Amino acid sequence: MGMAASQARLLSLTSRLHDVELRAQSIESQKIALATQKDELYENYCEALDATKFQIAFAGTDGTGKNWEIASFKNLCTYMGKERYQDYALKDNKTGLMIESEEVVENYNKYGNDKYAFAWAMLGYADNMSEAGGWNELGRNIAWQEFSEDSFQLDRWNRDGAADGGSSIMTAVEWDAYEAATGTEKEELDKLYNDIETAVNEGDSKKRDEAVKAFRDKLYTSPSTRDAIFGTQEGAGSAKTWDNVSDEFNYYCRKFEAIKAAGGCIAVDPQFESGSTGETWLKNMVEAGMITIMANDNPSGANAEWKDTSVATSTNGNYLSEVQDNKDLKKAEAEYEHELGILNTKDTKFDRDLSKLETERTSITTEMDAIKSVRDDNIDRTFGIFS
């Protein structure tokens, strides 16, 4: 009976030992999984350490210094007043077209023959630019690029040209402003207008287009004529003078030139215009080579020269640069410390459980060794009697 009891106890302990070892293996597997999670957590944290975003400079509120903002479509490609040091635009590298807001795309498609008409439309004055009962489609009477030399007949005193089949180069509002000019401004405008007539009579379309551009540029930079044009706009007056809108007006003129040079524009998805999503979209698209940032280094007046730029080549690196994303870094650091604490707590618990299992295993193996020793002694004594 003693040997049978010892054998039964030994079998029981063996079963317990196997169970302890199985639980220990399970915990070891979970510890390996924890180690993998820690590695992934650390990699994510390292990515956050390396993460950067583009930033754009604005003039300080006191007129000195700079205020930096994380760059997005909205603060790069929309009118931001005089605070931004440079004008920027985004070009789609696949199509070569400018990336603009839906409003810009709509107005460009409607008034794409003339930058001034486009600028008035962006300011909300498009409805006031046509003559009642006459030119009801802004842009039809200023699309000089489409006129042939034969049909491009100029008659400064016949605004609609209906009597002789000629075509006007200005809207009715602009004609009124031209006729209101006096003194030196009138003389300069007359000379530029005569240059148009000369080019038309010579049949030189390139010279004609250049002369028309020079004439209309002068019309919008002469104080008396530009004030006369603005004075016709709804809501214009002492509270809203040309000086109040001239900067924004010229901004849209410069934007028009960039779009025209690119051959047109496409609308940005509104979800990517601003916010953290827009900031990330801008950086990712530029780094992937999908879009190019363009800059106008001299944002004054209605004319501009747009050039490709980048964070690396921005003028002196003073206005557009790349910085570490501190906001996301702090968030990532907090998440890293929080998640690491949870994993470490689990790891410590696993270590305690393994320690208990090891103690239990040692106890079981010690008892098993003792039983085996007693069993072996009993066998030796029992068989020794019959030897």
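Helices (H or I, at least four residues) and strands (E, at least two) are DSSP runs, numbered from the N terminus, and helix H4 is followed by Gly124, whose phi is positive, near 90°. This is a predicted model, in which local features need pLDDT of at least 70 and side-chain atom pairs count only at pLDDT 80 or more, while totals for chains, interfaces and linings use all residues. Residues are numbered from 1 along each chain as its sequence is written, and side-chain values use heavy atoms, with hydrogens and water left out.

**Burial of H4**
- Eight of the eight residues of helix H4 (residues 115–122) are buried, so this helix is largely enclosed by the rest of the structure; buried means under 20% relative accessible area, exposed over 50%, and partly exposed in between (1.4 Å probe, protein chains only).
- Among the buried residues of H4 are Lys115, Tyr116 and Trp120.

**Salt bridges**
- The whole structure holds 16 salt bridges, each a side-chain nitrogen of Lys or Arg within 4 Å of a carboxyl oxygen of Asp or Glu.
- Arg361 forms a salt bridge with Glu21, with the closest N and O atoms 3.4 Å apart; Arg361 lies in helix H11 (residues 326–385) and Glu21 in helix H1 (residues 2–50), so the pair ties together parts that are 340 residues apart in sequence.
- Lys91 pairs with Asp308 in a salt bridge whose closest N and O atoms are 3.3 Å apart; because Lys91 lies in strand E3 (residues 87–92) and Asp308 in strand E7 (residues 307–309), the pair ties together parts that are 217 residues apart in sequence.
- Lys91 counts as buried at 18% relative accessibility, whereas Asp308 counts as partly exposed at 49%.
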